[in-house]
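Please walk me through this structure in the viewer, one selection at a time. I would like to know what to select next and what is there.

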Amino acid sequence: MPIYHKQGNIPPKRHTQFRRPDGELYSEQLFGTIGFDGMSSLLYHHNRPTMVKELLKSTDVSPKIALEKHIRSLKLVSFNVAPKDDFLEAREPLLVNSDVHIGVAAPKKSMTTYFYKNADADEMLFIHKGSGVLRTLFGQIPFEYGDYLIIPRGVIYQINFDGEDNRIFYAESFTPIYTPKRYRNWFGQLLEHSPFCERDYKLPENLETFIDTDEHLMKVKKQGVVHEMVYVGHPFDVVGWDGYNYPYGFSIHNFEPITGRVHQPPPVHQTFETSAFVICSFVPRLYDYHPKSIPAPYNHSNIDSDEVLYYVDGDFMSRNGVAPGNISLHPAGIPHGPHPGAVERSIGQKGSEELAVMIDTFKPLKVTENALKIDDGDYYRSWLNA
Ligand SMILES: [Fe+2]
């Protein structure tokens with residue numbers, strides 16, 4: 001997150017003495033990425049953040065692959081995934097490769113009995129249904145329908161929901177998630193042609209500091225295994241921090257669409273990037289305004305990327321028979337395009353109310369056993385004339 005941000009109390013100079021009211025030193029922690037080359041923050045803990053007391057059980061949660069190599073377009077009905085009480089147990093990885101795990105979750109309960117850290121991956125949580133507060137050691141981020149929550153690897157968090165009807169589309173990325181570089185100047189500031197700007201971000205606020213020497217359960221995901229461990233001292237014992245590496249939110253409703261006289265290509269919808277995939281936001285927008293324009297997209301041969309679309313709301317102009325919560329996979333190697341009738345149907349239309357999130361991966365995606373359970377089975381034939 002290329003904005004400097006701070007919360008709480010910090011010493012005037014880094015790496016200098018900073019003392020608690022009782023005279024003891026606070027524990028400084030550098031929280032960085034990409035060794036010492038990436039973004040980082042400096043946190044000041046009341047207690048040492050290193051006080052592991054017990055290592056408890058470890059649970060392998062690696063995705064179970066059903067289709068390793070395939071060339072089948074899929075439509076997954078993600079609302080058929082049954083809700084579960086626990087946030088971690090509710091997660092169902094659907095489409096995965098060595099760079100990213102894409103899935104859905106329908107958790108019913110807030111996380112209250114443990115803390116969670118993903119040591120493997122940056123997490124993108126897209127909130128389709130539900131609202132609440134993401135509580136982290138950097139502060140709190142309230143969330144609601146349409147929010148992306150970007151949680152860099154290593155952030156300790158809990159998630160609180162206001163109700164039980166929650167639907168989340170998520171991506172766990174094994175490389176850092178950034179905003180597109182082409183929208184930032186050489187200082188990191190978002191440029192005028194960017195579809196969003198710094199004011200749109202939801203930064204962590206209301207830093208909570210809990211001081212105790214009690215035992216607290218932490219679940220750390222590493223190498224596809226969730227390790228349960230007991231720490232001494234509350235994980236949210238930070239009295240202050242500053243820097244660039246922290247979780248943040250961004251509402252898809254604040255993505256300002258880029259439109260043109262003729263059809264604009266998918267990169268205009270790009271919202272986030274990594275070295276291995278991109279995340280795009282399709283939002284309500286005016287259609288192309290050339291007198292002979294065709295608003296529907298042309299057929300395209302994404303020969304070197306797999307395309308995943310998560311349909312959120314509205315009528316998706318180029319598709320027949322998709323509903324909120326559906327996920328389509330258009331695999332690399334074969335062209336795809338509008339469904340029969342969609343091109344003619346789009347001509348003369350003035351705008352779209354469609355809302356969708358797209359993830360294009362540069363490596364092929366494998367299909368999990370969970371995904372096949374919610375596969376509609378016949379989508380790959382859906383471009384035939386009726
Ligand atoms: Fe496409």
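Strands, labelled E, are DSSP runs of at least two residues, and they are numbered from the N terminus. The model is predicted.

**Stop 1: a loop residue between two strands**

Select Gln223, which sits in the loop between strand E17 (215-222) and strand E18 (225-232). Its phi is positive, about 55 degrees, although Gln223 is not a glycine. Most residues other than glycine have a negative phi. Gln223 is exposed, because its relative accessible area is 66% and the exposed class begins over 50%.

Now go to Ile34, in the loop between E2 and E3. Ile34 is not a glycine either, and its phi is positive at about 50 degrees. With a relative accessible area of 48%, Ile34 is partly exposed.

**Stop 2: the iron ion**

Which residues hold the protein donors of the iron ion? Select His300, Glu307 and His336: the donor atoms are NE2 of His300, OE of Glu307 and NE2 of His336, and they lie 1.9 to 2.2 Å from the ion. Along the sequence the donor residues follow the spacing H-x6-E-x28-H. His300 is in the loop between strand E23 (285-286) and strand E24 (306-313), while His336 is in the loop between strand E25 (326-330) and helix H1 (342-346), so this pair ties together parts that are 36 residues apart in sequence.

Are these two histidines buried or exposed? His300 is partly exposed, at 22% relative accessibility. His336 is buried, at 4% relative accessibility.

**Stop 3: aromatic pairs**

Next, turn to the rings. The model has 22 aromatic pairs. Select Phe18 and Tyr44 for one of them: the ring centres are 5.4 Å apart and the planes stand at 90 degrees, so the pair is edge-to-face. Phe18 belongs to the loop between strand E1 (5-8) and strand E2 (27-32), and Tyr44 to strand E3 (residues 40-45), so the pair ties together parts that are 26 residues apart in sequence. Phe18 is buried at 15% relative accessibility, and Tyr44 is buried with a relative accessible area of 3%.

Then select Phe196 and Phe255. This aromatic pair is tilted, with 6.2 Å from centre to centre and 45 degrees between the planes. Phe196 is in the loop between strand E15 (167-173) and strand E16 (201-202), and Phe255 is in the loop between strand E20 (248-251) and strand E21 (270-273), so the pair ties together parts that are 59 residues apart in sequence. Phe196 is buried at 3% relative accessibility; Phe255 is buried with a relative accessible area of 2%.

**Stop 4: charges over rings**

Select Lys219 and Tyr114: Lys219 lies over the face of Tyr114, 4.1 Å from the ring centre.

**Stop 5: the nonpolar cores**

Which residues touch the most other members of the largest nonpolar core? They are Leu95, Met124 and Phe169, in a core of 76 residues. Select Phe169 and show what surrounds it. Beyond its neighbours within four places in sequence, Phe169 is in contact with residues including Ile102, Met124, Phe126, Val308, Tyr310 and Ile359. A second, separate core has 8 residues, among them Phe282, Tyr311, Phe316 and Ala356.

**Stop 6: the cysteines**

How many disulfides does the structure hold? The count is 0. Select Cys197, which is in no disulfide; its nearest cysteine sulfur is that of Cys280, 19 Å away. Cys197 is partly exposed, with a relative accessible area of 29%. Cys280 is buried at 2% relative accessibility.

**Stop 7: Asp313**

Finish at Asp313, in strand E24. Asp313 is partly exposed, with a relative accessible area of 38%. Leaving aside neighbours within four places in sequence, Asp313 is in contact with Tyr145, Glu353, Glu354 and Leu355.

Terms used
Residues numbered from 1 in each chain as written. Predicted model: local features only at pLDDT ≥ 70, side-chain atom pairs only at ≥ 80, totals over all residues. Heavy atoms only, no water. Donors = N, O, S within 2.8 Å, 3.2 Å for Na, K, Ca; no water. Helix = DSSP H or I, 4+ residues; strand = E, 2+ residues; numbered from the N terminus. Buried < 20%, exposed > 50% of the residue type's maximum accessible area, 1.4 Å probe, protein only. Phe/Tyr/Trp six-rings, centres within 6.5 Å; stacked < 30°, edge-to-face > 60°. Lys NZ or Arg CZ within 6 Å of the ring centre and 35° of its normal. Disulfide = S-S within 2.5 Å. Core = buried A, V, L, I, M, F, W, Y, C linked by side-chain atoms within 4.5 Å. Contact = heavy atoms within 4.5 Å.
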